[in-house]
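I opened this model to look at its contacts. My notes follow in the order in which I looked things up.

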Amino acid sequence: MQIEIVLAGFGGQGIMFAGQVLSYAAMETGKEVTWIPSYGPEMRGGTANCTVVIADEEIGSPLVKNPPVALVMNLPSLDKYEPLMRPGGTLVVNSSMVDRSVRREDITAIYIPANEIAEEIGDKRLANMVAVGALLTAVSVLKTEDIEATLNAHMPGRHKHLLPKNIEAIRKGYAYAQAHTVAAKA
Amino acid sequence: MARELLKGNEAIAEAAIRAGLDAYYGYPITPQNEILEWMSKRMPELGRAFVQAEAELGAINMVYGAACTGARVMTSSSSPGISLMQEGLSYIAGTEVPMVLVNVMRGGPGLGNIAPSQGDYNQICKGGGHGDYHPIVLAPANIQEAVDMMPLAFDLAEKYLNICCVLLDGSIGQMMEPAELPEMQPYPRPFNQPWAVNGAIGRERRILTSIYLDPPEEEITNLRLLKRWEQIQKNEIRYKEYYLEDAEYVVIGFGTAGRIALSAVRAARAKGIKVGLFRPISLSPYPYKRIEELCAKTQAFLVTEMNAGQMLEDVRLAVRGRVPIRFYGRLGGVMPLPDEILDEIEQMVKHPPKAEDDPAAIWLHRMLETVK
Amino acid sequence: MATLVTPENIVYKRPVGLTDTVTTYCPGCTHGIAHRLVAEVLEEMNVLDRTIGIAPVGCSVFAYNFIDCDFLEAAHGRAPAMATGVKRVLPDRIVFTYQGDGDMASIGMGEIVHAAARGENITVIFINNAIYGMTGGQMAPTTLPGMKTTSSPSGRDVEAQGYPIRMAEMLSTLDGAGYIVRRSLHDPANIRKAKKAIRTAFEVQKHALGFSMVELLSTCSTGWGLTPVESLTWLEEHMIPAFPLGDYKISEPVAALKI
Ligand SMILES: Cc1ncc(C[n+]2csc(CCOP(=O)(O)OP(=O)(O)O)c2C)c(N)n1
């Protein structure tokens, strides 16, 4: 088993952290995992992305050319990764920040209004966790409970009060995605 | 100890601390800043020495001083900073004192960029500074290996009174993987080596220097270095092999290029190609012998690097024309993807290279055609 | 639509000396102001076509994308040496370096001191923002005591990490220096004074009166973790007391210079 996931968006959308949460959960369920960021002067705004690879055995390349699963949090990221998706793959789109649909018919699209759902929960910074919840519908090796256990284990004490809302965000994202998946035609 | 999800640079820093690091001197440079930053927090916390030097030139000479006292000392930098350190490295080699250097390579030459590269293989493995000396160079391909290498690097440096360099690229420095850190060594370690300059309390005074004005004396010094190097070559060869039992073709790559090749090798296997991977871990000393042995059952080698074929020269030295070689490199901070290497493997099988080919020249012309 | 902007009512425009490339600086960074001042002065002196800039390693590494004259890019800290090399073979050109505090006062301390000591006829624009911006906010030689950076996480401890270096004061002790002043970029009045000083510095070079340097106190909102507006206040309240503004060296021939 090996799965590669790309997460992309603007700096500040919590993309790197979202990737790390997946990585922690993968590690804690006994998998091999790599998390690699695009690094550079991204603190000056601009787009950020990271790739997470989860596998049963020693991982070779931490990067892939054609990811089977990707989460895009904004339009530039959709434009960049849609053409790169592996046929049959799943693209999770943050529809709050993207005003077009996925053009390819050979991939599954999941549209999730992550910002709106996060605001409903009461904290717009949770958009990344909503998106992670949606992403999990396409990553069968990880369950929402794995992510929740990870957050519980790794959230520093002073942030612990945020845990229930994080869990709510993940669950809502997951449930919404299950109901709003546009399957590939091919 | 349990596995933790660790960032390469931070894991390296913490592993060195746990191995009993007494002093760290460095200067900021991307993509290894996290090492310096980690040290700036942890070393003072533990009552150990940390200085952000005014430059790499200062840093390496601080290392030189501390190394002469017998302390466990290291510095870290990235390509342009390592260039600045060459003077100190040569003096340290000439004075025969131990130190550990971590080089997180980036794209060059010149200021280049901060993306992952293996462009400094020659600089590190073949010297860089002036004079006849050989650093020990270890190249990890993942974070666990890098972590395990830190205590080893200190042990080797001290055992052979030699520079030991852990050579990686920005991608390993920046990425996160699960890894297990070593136990914290009891600290302080007693250090009182019979050569250390630490004050002549109750003993004859000692002098450490790299000047031997009398050429015959310098020649003897050089021979002493070389004798130890011979021991190192005998004892300290390290590499890892994958799917070589029945392999007809062998890919050779170190560090990140090696691990990317692993994905390609698996993909090629899935297509029925009998190919394996040989990943050198000690780059200096280089596993010439093992590659020589592999020639007997190998139809062709594919050497892949994130440079223009610097390690390729060492492979050619081992192969000596017995088996044809194909080369594939990416330059200037561009990381190859597994698909590219898979394609190279398939091409090698379909159009076998000839033993008399110049693999670097053939590759260069392919690159000039395709990368525009 | 009526034309709002006519030649008569233009009060502000991009100087000829700046390209129309959008800068890579963070919002609120004063590098942009310093670039503009240099460009305006070079334009006013009508020397853009015979000026050679030397960019440093630091956030202003791409200064040549923004300031529109010939440019070279030095190794970290070596700009004054490179400028020396250029000026000695092209003495009738205007040669300037543009350097940050890490570039100049840390790794490049040797080069700057000796360029000043030699009385090298070059102009140096020195951006002091008390931090390493480019590499992500580490301690600089000008970081204030107690100031938190990513490599002085509990605040600069002078016992372990020493004291800030005052470059203008230090270089002013050198006989080769003709004009050395410190200005600030935190408000319009000070920006105007900074521009005047930059003009004088380039005039000093034009009249071959020796080494000239303008130190400019600057902000780094990203590195300091403050908003752009907070940064300006912080500069005024904390940096100016540590790095007093003023004229540190005005040699006699420079004092006699009529601009
Ligand atoms: C030899 C060498 N060492 C280190 C670096 C990394 N480096 C790039 S910029 C910089 C510091 C820049 O800080 P400063 O001069 O204060 O300018 P700022 O970015 O704040 O404008 C450093 C250490 C380098 N490029 N070369």
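**Entry 1: chain A against chain B**

I began with the area buried between chain A and chain B, which is about 2,100 Å². Carbon and sulfur atoms give 60% of that area. I note here that this is a predicted model.

Next I asked which residues of chain A lose the most area to chain B. They are A:Met27, A:Tyr39 and A:Glu58. Together these three make up 32% of what the chain A side buries.

I then looked up the contacts.

**Entry 2: charges and polar pairs between A and B**

How many salt bridges does the rule find across the interface of chain A and chain B? I get three. I looked at A:Glu58, which pairs with B:Lys240 in a salt bridge. Their closest N and O atoms are 3.0 Å apart. A:Glu58 is also one of the residues of chain A that lose the most area to chain B.

I turned to chain B itself. The domain assignment gives domain 1 (4-235) and domain 2 (240-370). I took their centres over C-alpha atoms and found 29 Å between them.

How many residues of domain 1 of chain B are in contact with domain 2 of chain B? I have 32 from domain 1, in contact with 25 from domain 2. The two domains of chain B bury about 2,100 Å² between them. Of this, 50% is on carbon and sulfur atoms. In domain 1 of chain B, the residues that lose the most area to domain 2 are B:Gln118, B:Tyr121 and B:Ala141. Together they account for 34% of what that side buries.

**Entry 3: what links the domains**

I checked charges here too. The rule finds three salt bridges across the interface of domain 1 and domain 2 of chain B. I looked at the salt bridge that B:Glu145 forms with B:Arg279. The closest N and O atoms of this pair are 2.8 Å apart.

Across this interface of chain B I also get 18 residue pairs in polar contact, both residues at pLDDT 80 or more. Several elements of domain 1 of chain B each supply at least two residues of the side that touches domain 2, among them α7 (143-160), β7 (163-169) and α9 (215-235). That side of domain 1 divides into 17 nonpolar, 10 polar and five charged residues.

**Entry 4: the ligand**

Where does the ligand lie? I find it between chains B and C. I get 23 residues surrounding the ligand. The closest are B:Glu56, C:Cys59, C:Asp101, C:Asp103 and C:Gly133.

I then went through polar distances from oxygen atoms of the ligand. For the side chain of C:His31, I get 2.9 Å from a ligand oxygen to an N or O atom. For C:Cys59, a polar backbone atom is 2.8 Å from an oxygen atom of the ligand. For C:Gly102, a polar backbone atom is 2.9 Å from an oxygen atom of the ligand.

Notes: Residues are numbered from 1 along each chain as its sequence is written. Chains are lettered from A and ligands numbered from 1 in the order in which they are written. This is a predicted model: local features need pLDDT of at least 70, side-chain atom pairs count only at pLDDT 80 or more; totals for chains, interfaces and linings use all residues. Side-chain values use heavy atoms; hydrogens and water are left out. Buried area is the accessible area (1.4 Å probe) that two parts lose on being put together, summed over both. A salt bridge is a side-chain nitrogen of Lys or Arg within 4 Å of a carboxyl oxygen of Asp or Glu. Domain bounds come from an automatic or database domain assignment. Contact means heavy atoms within 4.5 Å. A polar contact is a pair of N or O atoms within 3.5 Å; within protein, one must be able to donate a hydrogen and the other to accept it, and residues adjacent in sequence count only if both atoms are side-chain atoms. Helices (H or I, at least four residues) and strands (E, at least two) are DSSP runs, numbered from the N terminus. Ala, Val, Leu, Ile, Met, Phe, Trp, Tyr, Cys and Pro count as nonpolar, Asp, Glu, Lys and Arg as charged, and the others, Gly among them, as polar. A residue is near a molecule or strand if one of its heavy atoms lies within 4 Å of it.
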